[in-house]
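I opened the file to look up a few things and write them down in order. My entries follow the model.

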Amino acid sequence: MTTAFLTSALLPVPHGFTTREGGVSEGPYASLNLGFSVGDVREKVLENLRLLAAAAKTPLGALCRVSQVHGDRVLEARGGEGEDLRPVEGEADALWTEAPGTWVAVGTADCVPVLLVDPDGRRVAAVHSGWRGTDAGISARAVEALVAKGGRPERLLAAVGPAIQRCCYEVSGELAQRFTARFGPEVVESAGDSVRLDLTRAVRATLLRAGLKPAHVDVLPACTACAPERFFSHRRDAGRTGRHLNYVVNRF
Ligand SMILES: [Zn+2]
């Protein structure tokens, strides 16, 4: 089976949101686990990364990642060459690059991945937005980083990838209130005693407030928790699961 990933028709550069398909990992990490810190065999994760690089037709040495900490820090990245995986660039939850051929990626297993493209400035960014990062406005921070380099918000393009959707994301009343106050009542749905959060809608609202046009934000509808054969889900699998990588290549 080949590595399979989802894409958005909106983005004019190579990119992908990986699924579980096409890797060599086993058990709860089967098969395309791309995260090192989840208990999988390191050599298998490395092989999965090599398979991804081959599918993305991009050298593994040009891939930039960060150590994700559920914050609002954005880093600039400049990848290397060759086939050796680079160490992470540092602690952050978004990274961008203007270096041709460099690819940036974030890992997820329920959290919302966002890929950003500035087609004029030829810059790309990858964002990891869980509820904490969404609350901290990490997607807006990434937009600001591109705007600081001359990008115009109304020209930026964004694709919001597979994440835990409202169908499966029950949260506390306290968190629901916090998000309602910040993003509006439409990000929360009550059904009986349970309250569910629409995290991707909150991320979309963040991008629109940051100046992106509605037609420039593509939200993929896939729910990670609903499809165990297709996606890793931290919540569904009680933490014992793999990680997807969500990548975008600076190749215009
Ligand atoms: Zn679901």
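Entry one, the metal site. I looked up the geometry of the zinc ion, and its site is tetrahedral, with angles of 101 to 119 degrees among the four donor atoms. Four donors count as tetrahedral if all angles lie between 85 and 135 degrees. The donors are the SG atoms of Cys167, Cys168, Cys223 and Cys226, at 2.3 Å. A donor here is an N, O or S atom within 2.8 Å of the metal (3.2 Å for Na, K and Ca), and sites may look incomplete because water is not among the atoms. Along the chain the donors follow the spacing C-C-x54-C-x2-C.

A note on the source: this is a predicted model, where local features need pLDDT of at least 70 and side-chain atom pairs count only at pLDDT 80 or more, while totals for chains, interfaces and linings use all residues. Residues are numbered from 1 along each chain as its sequence is written, and side-chain values use heavy atoms, with hydrogens and water left out.

Is Cys223 buried or exposed? Cys223 counts as buried because its relative accessibility is 8%, where buried means under 20% relative accessible area, exposed over 50% and partly exposed in between (1.4 Å probe, protein chains only). Cys226 has 48%, so I put it down as partly exposed.

Strands (E, at least two residues) and helices (H or I, at least four) are DSSP runs, numbered from the N terminus. E2 pairs in the antiparallel sense with strand E1 (residues 5–6) over two bridges, and with strand E14 (residues 244–249) over three bridges. Two strands pair if DSSP finds at least two bridges between them. Phe17 is the bridge partner of Leu6 and also stands opposite Asn246 in E14.

I located Lys44 in helix H1 (residues 42–56). Its relative accessible area is 24%, so Lys44 is partly exposed. Which distance separates the C-alpha atoms of Lys44 and Leu32? I read 8.9 Å for this pair, whose residues are 12 apart along the chain.

How values were computed: Four donors count as tetrahedral if all angles lie between 85 and 135 degrees; four count as square planar and six as octahedral if opposite donors are over 155 degrees apart and all others between 65 and 115; anything else is irregular.
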